[in-house]
Amino acid sequence: MNNREKYEAVIGLEVHAQLKTASKLFCGCSTRFGDEPNANTCPVCLGLPGALPVLNRNAVLMAAKAALALGCQINPVSLFARKNYFYPDLPKGYQISQYDRPFAEHGVVQIDTAERDAHGRPLQWQQKTIRLTRLHLEEDAGKSIHDGSGGLSEGASYVDLNRAGTPLIEIVSEPDFRSSWQAYDYVQYLRQTLQYVDVCDGNMEQGDLRCDANVSVRLKGSDQLGTKVEIKNLNSFRFLQRALDYEIERQIAVLESGGQLSQETRLWNERENKTVSMRSKEYAHDYRYFPEPDLPPLVVHPEWVARLKAELPELPGARRRRFVRAYGLSFDDATTLTATRPLADYYEAVVKQGIQPQTAANWIISELTFLLKSAEQEITQCRIKPEELAALIKLIERGAISGKMGKTVLQQMFNTGQPAEQIIEAQGLKQVSDPDRLQPIIESVLAAHAREVEAFRAGKEQLFGFFVGQVMKATKGQANPQLVNELLRRLLHGDGE
């Protein structure tokens, strides 16, 4: 048994998700990304004396949707607290967060998860239950820029407070993960769910979703937890998975060598592919939490919560399972089609036009998704309406155009926004399915390739594909392939002469 097999990892995650409100959590400043540094600030988010916070009602609404989508119980009364620590990009010197009475608690989610092979391909999907300890509201800090990055003077440090006060929800899990891939799949699930209920954009590059991981290892079969190490500010799925794998291996190596682990906070160094020590780990009492005196208790009425719960959309896991059950799709196809709520809606709209579920899935996954990726577009930006894609598929099914020609038409529909029939009519692309029109063309092709015809009749039957290709070339791809095959076989065997 190797060292890794002797141990099991115990992992808990704290995910920070930015709520997609237009303004900050306690003031009216914009949350727009990419504005000039410090353009979106006011006395409240600058922490000026005498400025008082006012809670953003829309942030509470979005936090409630997120909590309900993740199976949490929303507390009737929750309290804001001041979390005191020094960061240069928090001008007040404390963060307004929640501590002993959070907004929501005791969530449960079911995720689909799988270990991966060396190429990152899923092995065996299975469901896993993950418990959520709490979900609370808090404000974000600003951003520090060091060492001249961003074109600034070398060696200088700058602070951009545009993010200071941006509304966040922090989602804290129980230590229910036993591998890096389980954590990876869980954060994917969170991102997708928050997007489905339209409360977070989930853009990790812009900081919409960030993750802190608490990792320890213990001998398999032991109930005792090992020394916990926190990895801060993981802002991509890939970094999360790699950082956890590295940290698990590092901790095992320390223990196997007879060393002791320290409770600390570490950062992921993406250039060196390793975690590095940042500071010794703080405990809750180090933050000196105390009630926020400028904000009253947040009171949530049960009737409001019940109404929000009734209005939740079908969530991605349930929708994926329904696609498998109702439409007969594979798990992988259903996963692809439910990746975003707009894509799942688009697929179902095509099916409702009378298209077979698997046919609709094939066209969307293989053809339309490729066009969208090439154009760097989302399905919401697509010019092809679901009913127009369905109309194109129906034209192919009734033989008006070939499947190959259909792909060309789809490309033009994507580029121009024109319906299929208009493109086909304007460019004369209708499939030729009249035997009286095709037979003379085929006879001409055979006459031009008499030597190949003789070889075919002498037993070289692989030449049949050559003849098909020549006929399709002569008709500019408009000949009905099935009819071409039938007529060619008859003429090559002398039945039509």
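Trainee: How many helices and strands does the protein have?

Mentor: The protein has 16 helices and 16 strands, as DSSP runs numbered from the N terminus, with helices (H or I) of at least four residues and strands (E) of at least two. This is a predicted model, where local features need pLDDT of at least 70, side-chain atom pairs count only at pLDDT 80 or more, and totals for chains, interfaces and linings use all residues. Residues are numbered from 1 along each chain as its sequence is written, and side-chain values use heavy atoms, with hydrogens and water left out.

Trainee: OK, sheets. What's the strand order in the open sheet of nine strands?

Mentor: The order is S2-S6-S7-S10-S1-S11-S12-S13-S14, with mixed pairing. Two strands pair if DSSP finds at least two bridges between them.

Trainee: Which ones are the edge strands?

Mentor: Strand S2 (73–74) and strand S14 (274–280), each pairing on one side only.

Trainee: How many bridges join S1 to S10?

Mentor: Five, between S1 (residues 7–18) and S10 (residues 167–173), and the two run antiparallel. Gln18 stands opposite Leu168 in S10.

Trainee: What about S13 and S14, how do they pair?

Mentor: S13 (residues 264–269) and S14 are antiparallel over six bridges, with Arg266 opposite Ser277 in S14. Their hairpin has four residues between the strands, and Asn273 there takes a positive phi near 55 degrees.

Trainee: Which helices lie across the sheet strands?

Mentor: Helix H2 (residues 57–69) lies across S2, S6, S7 and S10, at about 165 degrees to S7. Helix H3 (residues 180–196) lies across S1, S6, S7, S10 and S11, at about 115 degrees to S6. Axes are lines fitted to C-alpha atoms, for helices over the stretch in contact (heavy atoms within 4.5 Å), and angles run from 0 to 180 degrees between N-to-C directions.

Trainee: Switching topic: what volume does the second largest pocket have?

Mentor: About 1,500 Å³. On a 1 Å grid over the protein atoms alone, a pocket is an open set of points with protein on both sides within 12 Å along at least five of seven lines, while a cavity is a set where a 1.4 Å probe fits but cannot get out; lining residues have an atom within 4 Å of a point. Grid points are joined across faces, edges and corners, and a volume is the space filled by probe spheres set on the points.

Trainee: Which element gives the largest share of that pocket's lining?

Mentor: H3, with eight residues. Of the 40 lining residues, the closest to the pocket's centre are Arg191, Gln192, Gln195, Ala339 and Thr340. By class, the lining divides into 16 nonpolar, eleven polar and 13 charged. Here Ala, Val, Leu, Ile, Met, Phe, Trp, Tyr, Cys and Pro count as nonpolar, Asp, Glu, Lys and Arg as charged, and the others, Gly among them, as polar.

Trainee: How many cavities of 30 Å³ or more turn up?

Mentor: One, in a search of the whole structure. Cys45, Leu90, Pro91, Lys92, Glu139, Ala164 and Gly165 line the largest cavity.
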